[in-house]
Amino acid sequence: MVFSAVFTPALNLAISSTTYCCRRRRTSSTTRRVVTVKANSTKKDESKDKDAPAFNPFGFVTDNPSSRSAIQLPENPAEDGNVGQMLYRIEDKGKEYGSYVKSGKLRWFVRETGSANGRRGTIIFLHGAPTQSFSYRVVMSQLSDAGFHCFAPDWIGFGFSDKPQPGYGFNYTEKEFHDALDKLLEVLGVKSPFFLVVQGFLVGSYGLTWALKNSSKISKLAILNSPLTDSSPIPGLFQKLRIPLYGEFTSQNAIIAERFIEGGSPYVLKNEKADVYRLPYLASSGPGFALLEAARKANFKGTFSEIAAGFATDRWDKPILLAWGLSDKYLPQSVAEQFQKGNPAQIQLKLIEGAGHMPQEDWPEKVVDTFRVFFF
């Protein structure tokens, strides 16, 4: 008996310079891949099997537009260079306004705009998983022009910051993230009170629980799309990471960050932006295993409940701006509305049309306009 499998044409592991799409373009629907298994003993079918495309083990990474343009297999792969040459072409991308800052045994990558003498005060921007501070680059630049001093670190384990092996100085627990952030703010010389901006899942949630424990250091808090209530759904990525073996496999997908960003947005990333989000995961296995460790040690629903209760009327008395992208495919608008009802006197809800899960990436101009009104 002869078995044959029909797969889609093989696509590429090399970084392509072809621009497939742009930020303002809506994601096109992708063609569903069908795997057909046939059992037949005829010689006629044997000849068909010989003509079938070879099995492509990397087909799983080709289910969104920017990935298809980034992962293509040429007839002569050697002409496109090896992985080292690919990294060399993009290794300096995405480090705008950034530098490395040593804090204890850890080295953080921190973006900074504006001056310490900025007349409007200091803003700290904290990103979520599995992304990095690169998402805030435009917002930071424009707010520094308005007189703010801005810092946006890559959390330990993410972006261009250190990614220690678990058990060797950092174990990716909530407490360790909190402690590391405390030390970093001290090294940066950030004076309290300051403005805080938080967005996203996992380490984004840890930014909010840090705020609950350090409310005296914060004058105003701005929250972009983040899980804020018990009803907040957990995206499939984090559920997959918690599955033994399958999680290890998932964590080593070099385009994990861009796929997550595009999965929560009505847009696809330009290739030059996708390169930056992809680079840490392409450069080493460290970011993937850091994400894996953090996801497995996180108590997602418990943290959501802590956030909802902590910012309620009887426990939080600082102004909060909730700037919410209406096209978020991970978190519905009802999450924002439910959160606001918990403390209507302090929480101002601003809906941002056209923006998805990461408004600072999708529509930074609208985010800046909202922040200017709130922080002034």
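User: How do you know that the span of helix α10 agrees with its number of residues?

Analyst: Happy to start there, keeping in mind that this is a predicted model. Helix α10 covers residues 271–283, and at 1.5 Å a residue its 13 residues should span 18 Å. The C-alpha atoms at its ends are 17 Å apart, which agrees. The helix does bend, by about 40° at Tyr-277, and Pro-280 follows within four residues.

User: Why is α10 described as largely enclosed by the rest of the structure?

Analyst: Buried means under 20% relative accessible area. In α10, 10 of the 13 residues are buried, so the rest of the structure largely encloses this helix. Among them are Lys-273, Asp-275 and Arg-278, along with Val-276 and Leu-279.

User: What makes the rings of Phe-125 and Tyr-136 a tilted pair?

Analyst: Ring centres must lie within 6.5 Å to pair, and tilted is what remains between stacked, under 30 degrees, and edge-to-face, over 60. For Phe-125 and Tyr-136 the centres are 5.0 Å apart and the planes stand at 45°, so this pair is tilted. Phe-125 belongs to strand β5 and Tyr-136 to the loop between β5 and α4, so the pair ties together parts 11 residues apart in sequence.

User: Are these two residues buried or exposed?

Analyst: Phe-125 has a relative accessible area of 0%, so it is buried. Tyr-136, at 1%, also counts as buried.

User: Why is the pair of Phe-148 and Phe-195 called edge-to-face?

Analyst: The angle decides, since edge-to-face needs planes over 60 degrees apart. Here the planes make 70°, with 6.1 Å centre to centre. The pair links distant parts of the chain, with Phe-148 in strand β6 and Phe-195 in strand β7, 47 residues apart. Phe-148 is buried at 1% relative accessibility, and Phe-195 is buried at 10%.

User: How do you know that strands β8 and β9 pair?

Analyst: Pairing takes at least two bridges, and β8 and β9 have four, in the parallel sense. Ala-222 stands opposite Leu-321 in β9. Both strands belong to an open sheet of eight, ordered β3-β4-β6-β5-β7-β8-β9-β10, with mixed pairing.

User: What makes β3 and β10 the edge strands?

Analyst: Each of them pairs on one side only. Helix α13 lies across β8, β9 and β10, running at about 165° to β10.

Conventions: Residues are numbered from 1 along each chain as its sequence is written. This is a predicted model: local features need pLDDT of at least 70, side-chain atom pairs count only at pLDDT 80 or more; totals for chains, interfaces and linings use all residues. Side-chain values use heavy atoms; hydrogens and water are left out. Helices (H or I, at least four residues) and strands (E, at least two) are DSSP runs, numbered from the N terminus. Contact means heavy atoms within 4.5 Å. Axes are lines fitted to C-alpha atoms, for helices over the stretch in contact, and angles run from 0 to 180 degrees between N-to-C directions. The expected span of a helix is 1.5 Å times one less than its number of residues. The bend at a residue is the angle between axes fitted to the seven residues ending there and the seven starting there. Buried means under 20% relative accessible area, exposed over 50%, partly exposed in between (1.4 Å probe, protein chains only). Rings of Phe, Tyr and Trp (its six-membered ring) pair if their centres lie within 6.5 Å; planes under 30 degrees apart count as stacked, over 60 as edge-to-face and the rest as tilted.
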